[in-house]
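Me: Could you walk me through this protein step by step? I am new to reading structures, so please show how each answer is reached.

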Amino acid sequence: MLNSKGLPRLRLITDTVRSHRLGIVIWIVGGTLAMYAVAAGFASEVARFAGGAKAMAASVMASVEALRLLRWPAERLDTLGGYLTYHNVTLFVLFLSLYAAIQGARAVRGPETRHSLEEILAAGWSRRAVIRDRTAGYALTLVMICAGVGLGIAVSMAAGGEPNFGGSLITAAAAGLCALAAYAFGLLASQLMISTRAAGGVAAAVIVGLYLFTNVWQKLGWAGGARFISPFYYFNTSRALVPGHGFDLAATAALLAMTALMLAAATWAFQRRDYAAVLWSRPSRPGRPGRPAQRPVLRWFWSATLVRERYGLLAWAGAAALAMFMMARLEPGVVDMWNRIKLVQTFFGSKPGWSAADQYLSFAAEIVAPIVVAYVITRAAAWVADLRQGRVELILAGPVSWPRLISERLAALVVGVLVITAGSIAGLAAGAAPAGVSLSGPGLLRLTAITLLLGTALGAVAAVMVAWLRSGLAVTVLAVFAAASYLLTFLVQLFGWPDWVSRLSVFGAFGRPYLELPAATGLAVLGGLALAGAVLAAAIAQRSPKAA
């Protein structure tokens, strides 16, 4: 089908799908392996648990409530469908939606920044057609991802002895619709901000906030009415793997309407604003003295990075503080059941000589690890953007060497991790104070030190991925690496593997620093990744072009 210029209208659609082809494969393979591993683990645990699936489900409710901020709702955990939905599907939807929101922020603003959009518009596409075709291409990408993962869920359900082909596909389709709504939001955010990085950061923060809010809206009183603006709320109504649930037509219509409304708003904004500008801009005030062109804090790349992204970093710290606060406030109800349920003690990693309150606070403090991992992944995305948009070439012409650039990037990342950790500790203290629980000073110092080591190690891995792959694929591979590390720690607990296997994961190596110093193996893994990763990233980058 041709447009008025004789150009194939499908070209932008196919180009969008082609640019995500490796990501499609990684999402399908990674998602399927994660679903199958948890399904196998569930069947193994039920087989050896006294009382069977119902007794096991009843025994884990305290730990489920403790994790409510991260995963919810939890229904029919005595069935494979209910357990798989709670443990894997909810997180899969969150990660896929985050991925989609960032891609939406880049869909138009990214090519605009790189000046490649000018060629598309000059070739005959209107601004409206650009959004239409890019969205259609990404929707097709999501169809492929969710179809593949849906089949993977179906295989996992069958392997676990509870086949549910229709429910598997419905669940995957609902996940895709939720992610498409996130994509539309990212696209809209990019029309209101001048940079892809800022739009992606805001979109990611909002998506995470909506996810956390949806998990606890029942506890928020009148404020829970805001759940209707969250795509995750509508996804939860189509959890077709859970007995008693199925396809929800009204929720599906709501998701489609939400997506269409945001796409229409993004299209309107793109047509109204100037090219490479924001929709609204404040007029300059004449007569105001300008700031010095070169402030001292801008003399170094690491400090300039922190100044440029200070608001985003404060948002990360605030989100971490809020998450810790809510985890700490759940402490009284969870600890009440600590000594009465053996499986809960096993889940939290109960250690003799420590009070139940300290052990729960340690568990809550460990939530800082996935927050830091998410922050590092966003930093990797920013490094890719710097490379693709020519900023790296400009910096290296300074002249600045590749080793110095990578070391200063890691320095800025470590300072950012420190700010996030400080926010986490502040939130933990604020949540623990009403319960009369005091925090351990040495425990907080260990938590801070090991969190910084974790951030440095993963940042070095991210630097290697960016230097090697030099594209958005680096971010996807890094996310898969983090997810696999998390899954490994779960499988070690589920199958009773040796503890040293867990320490091969960055999460397992992190340990429980609030209670004790991690094992030497874990420290060696994190330290080795940090040192070897930084050296390898500099060596690879030194031999690569300055621009993507």
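**A walk through the model**

Reply: Happy to! Leaving out residues up to four places away in sequence, Asn 236 touches Trp 72, Pro 73 and Thr 214. Keep in mind that this is a predicted model.

Me: Is Asn 236 buried or exposed?
Reply: The relative accessible area of Asn 236 is 13%. Buried means under 20%. Asn 236 therefore counts as buried.

Me: What kind of peptide bond joins Trp 72 and Pro 73?
Reply: Pro 73 is found in the loop between helix H4 (61-66) and H5. For the bond joining Trp 72 and Pro 73, omega is about 0°. That peptide bond is cis.

Me: Helix H5 has come up, so is Asn 88 in that helix buried or exposed?
Reply: Helix H5 spans residues 80-107, and Asn 88 has its place there. Setting aside neighbours within four places in sequence, Asn 88 is in contact with Ala 34, Met 35, Val 38 and Tyr 83. Its relative accessibility is 9%, so Asn 88 counts as buried.

Me: Stepping back, how many helices and strands does the protein have?
Reply: The protein has 548 residues, and 52% of them count as buried. Among contacts between residues at least 6 apart in sequence, 75% join residues at least 24 apart. As for secondary structure, the count is 25 helices and zero strands.

Me: How are H14 and H18 oriented, roughly parallel or roughly antiparallel?
Reply: H14 covers residues 310-329 and H18 covers residues 368-388; their axes come within 11 Å and cross at roughly 160°. Because angles over 145 degrees count this way, H14 is roughly antiparallel to H18.

Me: How do the residues of the contact of H14 with H18 divide into nonpolar, polar and charged?
Reply: On the H14 side are Leu 313, Trp 316, Ala 320, Ala 323 and Met 324, and these meet Val 368, Ile 371, Ala 374, Tyr 375 and Thr 378 in H18. The residues of this contact divide into nine nonpolar, one polar and no charged.

Me: What separates the C-alpha atoms of Leu 453 and Leu 523?
Reply: Leu 453 lies in helix H21 (residues 441-469). Leu 453 and Leu 523 are 70 residues apart along the chain, and their C-alpha atoms are separated by 8.5 Å.

Me: Is Arg 470 buried or exposed?
Reply: Arg 470 is in the loop between H21 and helix H22 (473-495). Phi of Arg 470 is near 60°, a positive value in a residue other than glycine. Its relative accessibility is 15%, so Arg 470 counts as buried.

Me: And Ala 276: what is its relative accessible area?
Reply: Ala 276 is found in the loop between H12 and helix H13 (301-308). Although Ala 276 is not a glycine, it has a positive phi of about 60°. Ala 276 is partly exposed, and its relative accessible area is 42%.

Terms used:
Residues are numbered from 1 along each chain as its sequence is written. This is a predicted model: local features need pLDDT of at least 70, side-chain atom pairs count only at pLDDT 80 or more; totals for chains, interfaces and linings use all residues. Side-chain values use heavy atoms; hydrogens and water are left out. Helices (H or I, at least four residues) and strands (E, at least two) are DSSP runs, numbered from the N terminus. Buried means under 20% relative accessible area, exposed over 50%, partly exposed in between (1.4 Å probe, protein chains only). Contact means heavy atoms within 4.5 Å. Axes are lines fitted to C-alpha atoms, for helices over the stretch in contact, and angles run from 0 to 180 degrees between N-to-C directions. Angles under 35 degrees count as roughly parallel, over 145 as roughly antiparallel, 65 to 115 as roughly perpendicular and the rest as oblique. Ala, Val, Leu, Ile, Met, Phe, Trp, Tyr, Cys and Pro count as nonpolar, Asp, Glu, Lys and Arg as charged, and the others, Gly among them, as polar.
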